[in-house]
Amino acid sequence: MKTRGRLFLILLCLLVGTALYVLLCGQLCSGLCWHMCQPRRQPDRPWPTVPGPLRFQGYSSVPDGKPLVRSPCGCCAVVSSSGQMLGSRRGPEIDRTECVLRMNQAPTAGYEADVGNRSTLRVVSHTSVPLLLRNQSYFFGQSRETVYVVWGPGKHMNRDAGGSTYRTLLKVKEMYPGLQLYTLTDHMMAYCDEVFQNETGKNRMKSGSFLSTGWFTMILAMELCERIVVYGMVSDSYCREKSPPSVPYHYFEKGKLDECRMYLAHERAPRGAHRFITEKAVFSRWAKKRDIVFTHPSWQGD
């Protein structure tokens with residue numbers, strides 16, 4: 001009898017303790033409970049099925065700080081700035097896609113046959129903002145339907161302390177009030193670092209790496225798009241093959257930099273470099289979990 005009584009008391013204590021834990025965690029969401037209460041966002045998480053506009057909390061409008069609100073895209077074209085696009089003749093195909101994502105200062109004028117003309121979203125590095133300003137009437141004055149998403153380190157993007165790039169964005173917004181201009185939140189920047197570490201096993205800062213605009217674009221695309229078709233992005237093994245054809249690093253900068261030489265140099269650099277090849281290996285793995293297709297050149301996810 002004594003043994004049964006002890007067992008009953010133990011079970012009762014466990015039930016009461018569990019109930020208190022769940023209640024406190026659900027209501028307070030603090031301390032040790034905080035990590036369990038936070039949703040874990042993963043690159044392979046299911047694409048949202050709720051109809052209508054969604055709030056993308058990782059992207060904050062300039063200057064009011066409101067989240068990006070828009071309907072998700074069924075199919076997206078992610079257009080690389082690579083010289084691989086030259087002669088592709090994929091422009092009409094890209095323009096027929098529901099949403100088109102481009103990067104940095106890659107122009108469409110003069111290259112429409114290969115890269116198309118439409119731009120739904122353009123993801124821009126803080127270092128590329130001055131390059132867009134050189135032709136601001138083209139980028140900001142004519143493309144009112146384009147959403148601009150700018151990323152960069154806190155010292156340049158800080159809103160409270162008046163980071164240099166953020167101050168520039170404020171001036172751009174004053175000049176073009178109708179411009180749809182957003183920056184990545186600090187939380188989103190940290191999340192992108194976290195994904196890099198989870199996928200590679202390396203801390204981005206300790207490994208001397210800078211994430212590329214392509215990295216931020218792919219993460220945004222996986223939030224926004226049900227299906228992703230990537231144009232002009234080579235596989236992680238492409239530049240290590242024997243005698244790959246020489247193409248310019250950017251399709252709009254012919255004869256300046258060779259793509260594979262740039263990729264290999266950055267991959268081997270001990271510090272202060274993009275890990276283009278490593279990132280493409282990660283994208284390849286994501287393609288096994290999500291509907292991601294690579295074309296021109298065409299290749300399959302590993």
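The S-S bond of C73 and C99 has a torsion of about -80°, so this disulfide is left-handed; a disulfide is here a pair of cysteine sulfur atoms within 2.5 Å. By this rule the count comes to three disulfides. The structure is a predicted model, in which local features need pLDDT of at least 70 and side-chain atom pairs count only at pLDDT 80 or more, while totals for chains, interfaces and linings use all residues. Residues are numbered from 1 along each chain as its sequence is written, and side-chain values use heavy atoms, with hydrogens and water left out.

**The disulfide between C73 and C99**

- The sulfur atoms of C73 and C99 are 2.0 Å apart.
- C73 belongs to strand β3 (residues 73-79) and C99 to strand β4 (residues 99-103), so the bond ties together parts that are 26 residues apart in sequence.
- Helices (H or I, at least four residues) and strands (E, at least two) are DSSP runs, numbered from the N terminus.
- C73 and C99 are both buried, where buried means under 20% relative accessible area, exposed means over 50%, and partly exposed lies in between (1.4 Å probe, protein chains only).

**The disulfide between C76 and C225**

- C76 is joined to C225 by a disulfide with an S to S distance of 2.0 Å.
- The torsion about this S-S bond, between C76 and C225, is about -85°, so the disulfide is left-handed.
- C76 lies in strand β3 and C225 in strand β9 (residues 225-231), so the pair ties together parts that are 149 residues apart in sequence.
- Both C76 and C225 are buried.

**The disulfide between C239 and C260**

- In the disulfide of C239 and C260, the sulfur atoms are 2.2 Å apart.
- The S-S torsion of C239 and C260 is about -80°, so this disulfide is left-handed.
- C239 lies in the loop between β9 and α11 (259-268), whereas C260 lies in helix α11, so the pair ties together parts that are 21 residues apart in sequence.
- C239 counts as buried because its relative accessibility is 6%, and C260 is buried because its relative accessible area is 9%.

**Pairing order and other cysteines**

- When the bonded cysteines of the chain are numbered in sequence order, the pairing is 1-3, 2-4, 5-6.
- C75 is in no disulfide, and the nearest cysteine sulfur, that of C76, is 6.7 Å away.
- C192 has a relative accessibility of 1%, so C192 counts as buried.

- Strand β1 (residues 54-61) pairs with strand β2 (residues 67-70) in the antiparallel sense over four bridges; two strands pair if DSSP finds at least two bridges between them.
- S60 has P67, in β2, as its bridge partner.
- The two strands, β1 and β2, form a hairpin with five residues between them, and G65 in the turn has a positive phi of about 75°.

**Nonpolar cores**

- A nonpolar core is a set of buried Ala, Val, Leu, Ile, Met, Phe, Trp, Tyr and Cys residues joined through side-chain atoms within 4.5 Å.
- The largest nonpolar core has 43 residues, of which W215, W286 and I292 touch the most other members.
- Helix α10 (residues 213-224) gives the most to this core, with eight residues.
- A second, separate core has 16 residues, among them V62, Y138, L179 and L181.
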